Structures are given as C-alpha cells and as structure tokens.
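Biologist: Could you take me through this model? I would like to begin with the sheets and then move to the helices around them.

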Amino acid sequence: MAQNAAVIAVCGHEAAYGRALEGRLDPGVGVVPNGRALFRAVAAHLRRGERVVVVPMTLGREPGLVADTARTLRAVPGAGPGEVLLAEPFGTAQHLVAHLRAAAGRVPADSALLVSAPSGDPFEDAELYRVAALVRRHGRHGLVEVAFDGGDPDPAEGVRRCGLLGAASVALLPASFTEVRPVGEAAVPVADAGPLVPESALRRVLDERAADARRRWSEHGDDGITTGLAAADHHGHAHTHPPGEGHGHSHDHAHPHEHGPTTGHRQHHHPSAAGADRGIRSIA
C-alpha cells in the first residue's frame, strides 16, 4: 500500500463523534463518526483511486467502536485487497490509566481528582470506575471521584461530592478526547487539568497507528478488519500495542493474542485491575 494513503479517524462518544477532534489533527486526516459518514468517506476515496487507513479513536472504553467500524468497512463495495485497512485503536484502557496518572502528577497532592468522561453503556461506565481506582491506587491523591458528561453523577454532582468528602479543591481530569463541561457554581475551587492528550501527541500516535496498519498489510497481508470484528468480544481490539511495541505476528489464529518484540505466542487475557497499568511503554 502506498505510504500516502488517506487516513480517516473514526469517532464515537469518547471523541464526541468527531467534534472533539475538529482542528486538532493534520488537515489531511478525515474525522467522521462511524456508520453512514464513514461508509461514504471510504467509498469516496476508493472512487478517486485512493487507498484508506481507518483509525478508531477510542482510549479503551469503547470497544464496540472497533467492531462496528470493521463491520462498516466490510460492507463498502468495490474495495480490492489492501485498499481499506483497519488500524489498531488509538489507545487502550491501559494507556488511559497512564495518561490520567501523568495528568494527576501535575495536580497538587492535596487536591481531589474528578475523572470525567462522556457517559457510555453500563459496562463502559463501569470501566471508568476501574480506571479511576487504578489512578488512585498508584498515585498520591487520596480522593479520586468519577463523573459522567450526560450521565450520573454529572461533573457538578461530582464536584459537590468531593466537597462533602472534605476536598479543599478539585481538579477536573478528562478521561476522553472531549473537554469537561463547566460545572457552574461550586462550593470549592475547581481547576481544569485537561486536555488529556496534547495536540502534538494526537497527531503522532495517529501517524503511528496508520503506519503500523500499512506495515501489517505489507508484511502479513492482514487488513485488520477480520480481527476488528471480534474487538467488542474481548474488551478491545485483539491486538493493541502501544507505539514502539513489536509486530512480528500473523492474524490467522482463531484466538486473540499479543506479542512483544521478542516473545512468542501467549494467550491474551483482559488485564486485572491490580496490573492493568504495568508494561506500558509509549502512550503518546
């Protein structure tokens, strides 16, 4: 596949269906929600004779986006071998923990942390509580609460709870690509610790994901779509390497698996809460 293939960032609720990324990516990158918009964008590139790499913009709380994107790409007519590639998602829940820990490190230790993200389904929202628990366990802040934009508790209620629990100040930590909405009047000082991922890191990681997808096709003839179809069944894309991890592997196996740069096959398991943030190398 040509290195200058078009890149499309497909978005779900973690990126406000694309609105949160407007103006933050390279001008040549398409930003669309999944479904008809993605279908039409890919079909338009193919009609112009352009090949396409699609990157799901999730940080690990939206595994359904990967599988739904794979289904959309499989339905696009007229795509020849390697003309449409599905990249690994932008990030995983492990990356999200690491991003939040980095952001928390810039917040005074006596401040409460309010981890906030757009509300998803019950399983996605439960995942945010797990992520926040890891941030607290491996950090220096004694109070870490969770809030959901469009859900319960919302950020205003989250700040109120922090105040009732004795917090003298609250730092809002966005756990998505979106900004945390203003909370209005608050009984305690509130500071915004976002954005979670700086613009330069957004562009760099997106480039890495697209380059990895091209390399996977050129070396193994794998377009990523078949693997992506099973993503929601395994709480994320079956192969999710941070930037810089090894890729010497084939996707022909029935079971999802992962490889480090020097290791052989090993069965993939969903990481436990206690160890979910270990083994992270590059997150941005």
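Modeller: Let us begin with an open sheet of 4 strands, whose order is β2-β1-β3-β4 with parallel pairing. The model is a predicted one.

Biologist: Which strands stand at the edges there?

Modeller: β2 (30–33) and β4 do. Each has a single partner strand, so one side of each is left without a neighbour in the sheet. On average, neighbouring strands of this sheet are turned by 25 degrees against each other, direction ignored.

Biologist: How many bridges join β1 to β2?

Modeller: There are 4 bridges between β1 and β2, which run parallel. Val10 has Val32 in β2 as its bridge partner.

Biologist: And how many join β1 to β3?

Modeller: β1 and β3 run parallel and are joined by 6 bridges. Ala9 stands opposite Val55 in β3.

Biologist: What about β3 and β4, over how many bridges do they pair?

Modeller: They pair over 3 bridges, in the parallel sense. Val54 is placed opposite Leu86 in β4. Between these two strands the chain passes through α2, and this β-α-β crossover from β3 to β4 is right-handed.

Biologist: Is β3 mostly covered or mostly open?

Modeller: β3 is mostly covered, with 6 of its 6 residues buried. Val52, Val54 and Pro56 point one way from the strand, while Val53, Val55 and Met57 point the other way, and all are buried.

Biologist: Which helices lie across this sheet's strands?

Modeller: α1 lies across β1, β2, β3 and β4, and runs at about 175 degrees to β1. α2 lies across β1, β3 and β4, at about 170 degrees to β4.

Biologist: Let us stay with α2. Why does its end-to-end distance agree with its number of residues?

Modeller: Helix α2 covers residues 63–75, which is 13 residues. At 1.5 Å a residue these should span 18 Å, and the end C-alpha atoms are 19 Å apart, so the two agree.

Biologist: Which of its residues are buried?

Modeller: Pro63, Leu65, Val66, Ala67, Thr69, Ala70, Thr72 and Leu73 are buried in α2. As background, an α-helix has 3.6 residues a turn, so residues three or four places apart point the same way.

Biologist: What covers those buried residues?

Modeller: The cover of the buried residues of α2 includes the strands β1 (6–11), β3 (52–57) and β4 (84–86). It also includes the helices α1 (36–47) and α7 (225–229).

Biologist: Changing topic, what is the strand order in the other sheet of 4 strands?

Modeller: That open sheet has the order β6-β5-β7-β8, with parallel pairing. Its edge strands are β6 (144–149) and β8 (190–192), each of which pairs on one side only. Neighbouring strands of this sheet are turned by 30 degrees against each other on average, direction ignored.

Biologist: How do β7 and β8 pair?

Modeller: β7 (residues 170–174) pairs with β8 in the parallel sense, over 3 bridges. Val170 is opposite Val190 in β8.

Biologist: Which helix lies across β7?

Modeller: Helix α3 (residues 93–104) lies across β5 (112–118) and β7, and runs at about 150 degrees to β7.

Biologist: One last matter, confidence. What pLDDT does the chain average, and where does pLDDT stay under 50?

Modeller: The protein chain averages a pLDDT of 84, and 80% of the residues score at least 70. Over residues 234–284 pLDDT stays under 50. The model has 98 contacts beyond four places in sequence for that stretch.

Key. Residues are numbered from 1 along each chain as its sequence is written. This is a predicted model: local features need pLDDT of at least 70, side-chain atom pairs count only at pLDDT 80 or more; totals for chains, interfaces and linings use all residues. Side-chain values use heavy atoms; hydrogens and water are left out. pLDDT is the predictor's confidence in each residue, from 0 to 100. Contact means heavy atoms within 4.5 Å. The expected span of a helix is 1.5 Å times one less than its number of residues. Buried means under 20% relative accessible area, exposed over 50%, partly exposed in between (1.4 Å probe, protein chains only). Two strands pair if DSSP finds at least two bridges between them. Axes are lines fitted to C-alpha atoms, for helices over the stretch in contact, and angles run from 0 to 180 degrees between N-to-C directions. A crossover is right-handed if, with the strands pointing away from the viewer, the path from the first strand over the helix to the second runs clockwise.
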